[in-house]
Amino acid sequence: MPAPQQTIRRSLLVLSAALSSLALTAPLALAVPSPTPTPSSSAGSSASPSASPTATPPANMSSVGGARLAQAGTQVDLTSGVPVVPKDLTARSWIVSDAESGAVLAAHNAHWRLPPASTLKMLFADTVLPKFPKTTEHKVVASDLAGMGAGSSLVGIKEGESYTVHDLWLGVFLRSGNDAVHVLSHMNGGVDRTVADMNAHAQDLQALDTRVVTPDGYDEPGQVSSAYDLTLIARSGLQKKDFREYCSTVSAKFPGETTKKKGKSVRGTFEIQNTNRLLSGDSDVSVYPGIAGVKNGNTTNAGATFTGVAERGGKVLLVTVMNPEKNEHNEVYKEAAKILDWGFQAAGKVQPVGELVAPKNAAQASAQPGATASGEAGGDTAGTKPAASSTPMAAEEDGSGGVGIALAIVGGLLVLLAGAVFLVNRRWPLPDLVRRRPRP
């Protein structure tokens, strides 16, 4: 089937499913409203949900994206030709979706509000990354590194040394460095200001399960997100060129300490590697074919969490997995790979069980003449819609020893007004191609 017909067919399927769900379940949606947390910049609010959830999902969860996603347990429509969902998945919550159309192919407790660990750094990056050009330099002072939690993951930033914004973002994405997060947060006006910005951005993305207390994802009471929300956040971040570069970089050189050699100041470097094992590989996990990011995390309360994006056969899928109960090395990546494998087999055959909603401002941004979103740092790109393009961009090395990805921006956002209801073509602007150069 030609690509334009596939796009139209997928769009009609998603719209049909959404309308049917709305017609059949409107009373339920009204009786059980989705949670709408109020942005907060302080930890430990008594109104915040627990950061130590039980092993049982709540009876009532958010219906954002469709009534099926509010239900506990696995949601999937197995029709003729659709493979069975893997039976050995142990994650408390997971979701797999078509990143371009927004169709949710299958989900398990998609809106369960759980501690996100460092996958929350995706929201931090999507919020803060556009504010500073990557060439901006910052000299670190003691206050920049204050307030980090005990046992935080660190990239190795030193007081008194200068770093470019590019260096700091490599530290955030590759080493999940809380020190890099705190430096960027102080550049953004402080931790409290950054937390408030992140909560506001989550609201705009309609990531209503998400409550930010710390910008780095460190365990704090009341800090939660969901597999659905983390997928929305990743989808938004992937609109930005710099975000795509950082989250797909496998390894890079990071500035070390300045030392004196023969009377001259010399600054060395050391190599950092991405801790996303589907991107970098490990002893028991292979690099996933077509993987291009996004972010992993692991804390005591959250367990292991992961959101990934991969491309195969012209299809781009997003997967999020939260807290596998199976206690095996790299289990979160193993389960994510199984879900992706299933998703690529099922894509185009399975009926969607929900959809990834567009940001609140997507329709407004798409209506602005000449609106573009290259996503390069320092531009006013947050929440805007990339311009349509039919020409793939050439892959480029990131200049730091990492592997960049080349993505073509295609498709657009079609908004139809029918009475008081907006019907959105969910080919909302995710690049068509998510391909990485072969690694040496």
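Visitor: Is strand 2, residues 91-98, mostly covered or mostly open, and how many of its residues are buried?

Guide: Buried here means under 20% relative accessible area. In this predicted model, strand 2 is mostly covered, with eight of its eight residues buried.

Visitor: What share of the whole protein is buried?

Guide: Of the 440 residues in the protein, 56% are buried.

Visitor: Which strands does strand 2 pair with, and in which sense?

Guide: To count as a pair, two strands need at least two bridges between them. Strand 2 runs antiparallel to strand 10 (residues 315-324), and seven bridges join them. Strand 2 also pairs with strand 3 (residues 103-108), again in the antiparallel sense, over four bridges.

Visitor: Which residues stand opposite Ser97?

Guide: In strand 10, Ser97 faces Leu318 across the pairing. In strand 3, the bridge partner of Ser97 is Val104.

Visitor: How do side chains point along a strand?

Guide: In a regular strand, side chains alternate between the two faces of the sheet.

Visitor: How many residues lie between strand 2 and strand 3 in their hairpin, and which residue there takes a positive phi?

Guide: The hairpin has four residues between the strands, and Gly102 takes a positive phi near 85°.

Visitor: What does the overall picture look like, in secondary structure and in contacts?

Guide: The protein has ten helices and 15 strands. Among its contacts with a separation of 6 or more, 69% are between residues 24 or more positions apart.

Note on methods: Residues are numbered from 1 along each chain as its sequence is written. This is a predicted model: local features need pLDDT of at least 70, side-chain atom pairs count only at pLDDT 80 or more; totals for chains, interfaces and linings use all residues. Side-chain values use heavy atoms; hydrogens and water are left out. Helices (H or I, at least four residues) and strands (E, at least two) are DSSP runs, numbered from the N terminus. Buried means under 20% relative accessible area, exposed over 50%, partly exposed in between (1.4 Å probe, protein chains only). Contact means heavy atoms within 4.5 Å.
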